[in-house]
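These are my notebook entries from a first look through the model shown below.

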Amino acid sequence: MAEALAPARAPRRGARAQRLLHVDTATGALTDERIDDLPSRVEPGDVWVLNDAATLPASLSGGFDGQAVELRLRAEREDGTWWAVLLGEGSWRDDTDARPAPPRIEVGDRITLGGRLGAEVVEVDPLSARSVRVRFTPGGDGFWRALYALGRPVQYSYLARELRLSEVQTGYAARPWSAEPPSAGRPLGVGLLERLRAAGAEVVSLTHAAGLSATGDPALDARLPLPERYDLPAATVDAVSRAVAERRRVVAVGTTVTRALEGNHRTHGALRPGVGETDLVLGPDTTLSVVDALLTGAHDPASSHYQLLRAFAPERLLREAVGRSAALGYLGHELGDSWLIA
Amino acid sequence: MHIDDTNILITGASRGLGRALAEALAARGARVVMVARGAEPLREAVRAIREAGGDAHALPGDVGAPDAASRIAGAAAAMVGPIDVLIHDASTLGPVPLAPLTETGDEDFERAFAVNLIGPFRLSKAVVGSMVARGRGLIVHVSSDAGVEAYPTWGAYGASKAALDHLSRTWAAELEGSGVRVISVDPGEMDTTMHADAIPDADPSALARPADVAARFVALIERPELAPSGARVAAEVAA
């Protein structure tokens, strides 16, 4: 019987404290382990794929029309403008869904964000008045300096305290593309990565720009996840394609990795390196062409993420995994414990 | 490591050795992100490199501030991409004229460690994982003779540099086999503002020019056999 998982309300110290439920999709066996045991789950010839996106300080406090607002960055476009979500006043302690609506905003309006940073609205999403595309001034390096001086990482209302930017990064974060953390990789520190390699896994990376998990507007939330940008390096395509051809296992660290690999494969009929965008939404009807196994955070049926996991395991087994995790005291959400669905 | 087409993050880059390193590395085709506390001298240093055709980016920041590392690492990667080489050049002597330990303030001692040791630790930690994941990278700690010899009045600075050398060796030991090289380099005495602050009556003509020392650093970066991971070397070995 499935139950809800209590959220982890603060980062845990050290990967060894994190728990790992091994979910065997062939036998249905559930095994309670530690994340530190992960190297023993490596099979010869495995290719493990990481999302090396660093998490942006995507939340900016500002003002418009005399009211306090929060601008949450969602995705950067190639022309340097950003899709963002505007929230009414309030703080991270309020559930995003309970935040008051932002003031009505139109193309040409300017949001002030502290210091010299401003954002001009250049497009309003017809589906949601709070979904806006903005152009920042200054742009270029000046924008990055201002964003990293003023921005904070997106927070979650269940947290015990505000997370610092350093606390939302994975251990291998390289390119700041993500609006929210690709959290499945949080427990994989440098030492554990090295041990996965020593156990025989080839560890490779791609970059996938994870977007926002909530916008406060049901019309917009219903469309999540929105199309997201990724970059698939040639070396990763080579490693993964060879594994697929030789029927070796491809292990995705997180659903963002799965989305990038399967989305790319679906677009091109085979994996092709380069920057792309995918609108693939994982779910029970997804046929996986590339990825065999998934390392993910533990998620219960109330979370939108849970539906994505149904691409990897039948509903019945996932519900058993939730029930076992809850009984064992596993924690859920962004800072929670892990599942290896293999 | 080839310098052409690499992304290099340098702290303490608005003057002295840090600036000379940024100039030398940009001239060799690297993209350099330059960190320093003073925004105006930093802007000037970046402007000079760009006018010479180099690719340089200004990132004002205080490496001794508690939350600085992830902001510096993130903004730098946003500007140029994942960092391949990290050079910890920023350091502080503390108040000058230098004073013996009995007259060194607790806060000044702590500040020397915050800038010279804890800041580099945090910044390396923010960057090194991406180096390990890609199987390559280089971290350079700029050390000092004062970290080896005990000179009266150099206590806070010297102790922090001795600890920095040890930190460098420990990083190297932990990262053995990862493809990431970690070294510590003693630049020797140079004609810099810092040197003049510490020893005002030194004869500048007897001191090395930062540009010449920077050229030796370039050789150490390019040729691992001169400074293998875990080594503490004098810049002169590349003379």
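Where in chain A does Asp65(A) lie? I found Asp65(A) in the loop between strand S5 (59-64) and strand S6 (67-76) of chain A, where strands (E, at least two residues) and helices (H or I, at least four) are DSSP runs numbered from the N terminus.

**Conventions.** I am reading a predicted model, in which local features need pLDDT of at least 70 and side-chain atom pairs count only at pLDDT 80 or more, while totals for chains, interfaces and linings use all residues. Residues are numbered from 1 along each chain as its sequence is written, and chains are lettered from A and ligands numbered from 1 in the order in which they are written.

**Confidence.** I looked up pLDDT, the predictor's confidence in each residue from 0 to 100, and chain B averages 96, with 100% of the residues scoring at least 70. For the complex, the predictor gives an ipTM of 0.95 and a pTM of 0.95.

**Positive phi in residues other than glycine.** I returned to Asp65(A), which has a positive phi of about 55 degrees although it is not a glycine. In chain B I noted Asp5(B), in the segment before strand S1 (7-11), with phi near 70 degrees, a positive value in a residue other than glycine. Asp5(B) counts as exposed, with 11 C-beta neighbours inside 10 Å.

**Chain A as a whole.** I recorded seven helices and 17 strands in chain A. The C-alpha trace spans about 60 × 40 × 35 Å along its principal axes. A compact globule of 342 residues would have a radius of gyration near 20 Å, and chain A agrees with this at 20 Å; the radius is taken over C-alpha atoms, and the globule rule is 2.2 Å times the number of residues to the power 0.38. Buried residues make up 47% of the 342 residues in chain A. I also looked at contacts, meaning pairs of residues whose C-beta atoms, placed from the backbone, lie within 7 Å, and of those in chain A with a separation of 6 or more, residues 24 or more positions apart account for 71%.

**Domains of chain A.** The bounds come from an automatic or database domain assignment, which divides chain A into domain 1 (15-55 + 162-341) and domain 2 (59-150). Their C-alpha centres lie 29 Å apart, and 13 residues of domain 1 are in contact with 14 residues of domain 2. On the domain 1 side, helix H3 (218-221) and strand S13 (228-232) are the elements that give two or more residues. The loop between H3 and S13 of chain A holds Pro225(A), and the peptide bond from Leu224(A) to Pro225(A) is cis, with omega near -10 degrees.

**Helix H2 of chain A.** Which way do the buried residues of H2(A) face? I found Val190(A), Leu193(A) and Leu196(A) buried in this helix. Seen down the axis of H2(A), the buried residues fall within an arc of 120 degrees (the arc of the directions from the helix axis to the C-beta atoms), so they line one face of the helix. What covers them includes strand S3 (47-51) and S12 of chain A, together with helix H4 (106-134) of chain B. Just after H2(A), Gly200(A) takes a positive phi of about 110 degrees.

**Where the chains meet.** The contact takes 22 residues from chain A and 22 residues from chain B. On the side of chain A, helix H1 (140-150), strand S11 (175-178), helix H2 (190-198) and strand S12 (202-208) each supply at least two residues, and H1(A) gives the most, with four.

**Chain B.** I placed Pro97(B) in the loop between strand S4 (85-88) and H4 of chain B, and the peptide bond from Val96(B) to Pro97(B) is cis, with omega near 0 degrees. Ala235(B), in the segment after strand S7 (232-234), counts as buried because it has 24 C-beta neighbours inside 10 Å. Leaving aside neighbours within four places in sequence, the residues in contact with Ala235(B) include Val185(B), Pro187(B) and Phe217(B).

Key
A residue is buried if 20 or more other C-beta atoms lie within 10 Å of its own, exposed if 12 or fewer, and partly exposed in between; C-beta atoms are placed from the backbone. Two residues are in contact if their C-beta atoms, placed from the backbone, lie within 7 Å.
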